[in-house]
Amino acid sequence: NGSSKVSPIRFYDEYIELYKIEILTPPLNVTVNCTRDPAGCIMTWQPPLTSHVGNVNCFQYEISIQNKVRTISWFVRNHRYEFQNYNEKKKYILKIRARGKNCLISSNWGEWSEPIEFGKTAKYYFNIDFFFSITMFAS
């Protein structure tokens, strides 16, 4: 009831800024489009959902691209990245996450996007289909 016969009860008020403790969702609609000539990939995405409307320029993104040998990360402020070390004979895995930068959005890194595979995988499936077609035709 807010009172005590033994000692005075102090009030404790604290303002919680929810954006500071919010865990950001992964960036949305992550896509990868690769070309052979010139060899490269363009990666695009949309900002993560937040508890309040924020400026889309308030995010920093970490892009992680992994292949069989190593994982490389880049930090960018826009919603597009051009990957120029693309080799179509290699398989890559892309993940992206975000955090707030200089705005009222959590500065902690959010969750990673679902991994997206690109590179060798698509060609591999084509070769299997082609092989089965030739095998069936030859039989």
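Let's start at cysteine 58. With a relative accessibility of 5%, cysteine 58 counts as buried; buried means under 20% relative accessible area, exposed over 50%, partly exposed in between, with a 1.4 Å probe and protein chains only. Strands here are DSSP runs of E, at least two residues, numbered from the N terminus.

A word on the model. This is a predicted model: local features need pLDDT of at least 70, side-chain atom pairs count only at pLDDT 80 or more, and totals for chains, interfaces and linings use all residues. Residues are numbered from 1 along each chain as its sequence is written, and side-chain values use heavy atoms, leaving out hydrogens and water.

The structure holds two disulfides. The other bond joins cysteine 34 and cysteine 41, sulfurs 2.1 Å apart. Its torsion is about 105°, so it is right-handed. Cysteine 34 is partly exposed at 33%, while cysteine 41 is buried at 2%. Counting bonded cysteines along the chain, the pattern is 1-2, 3-4.

Now the rings. Rings of Phe, Tyr and Trp (its six-membered ring) pair if their centres lie within 6.5 Å; planes under 30 degrees apart are stacked, over 60 edge-to-face, the rest tilted. That gives 10 aromatic pairs. Take phenylalanine 59 and tyrosine 61: centres 6.1 Å apart, planes at 35°, so tilted. Phenylalanine 59 is buried at 3%, and tyrosine 61 is buried at 0%. Tyrosine 92 and phenylalanine 118 have centres 5.2 Å apart and planes at 20°, so they are stacked. Tyrosine 92 is in strand S6 (residues 91-100) and phenylalanine 118 in strand S7 (residues 116-119), so the pair ties together parts 26 residues apart in sequence. Both are buried. Ring pairs also link Trp74, Tyr81, Phe83, Tyr86, Tyr92 and Phe118 into a cluster.

Last stop, glutamate 62. It lies in strand S3 (residues 59-66) and is buried at 8%. What does its side chain contact at 2.7 Å? The side chain of arginine 97, in a polar contact. A second polar contact, 3.4 Å, goes to the side chain of serine 73. A polar contact is a pair of N or O atoms within 3.5 Å; within protein, one must be able to donate a hydrogen and the other to accept it, and residues adjacent in sequence count only if both atoms are side-chain atoms.

Note on methods: Helix = DSSP H or I, 4+ residues; strand = E, 2+ residues; numbered from the N terminus. Disulfide = S-S within 2.5 Å.
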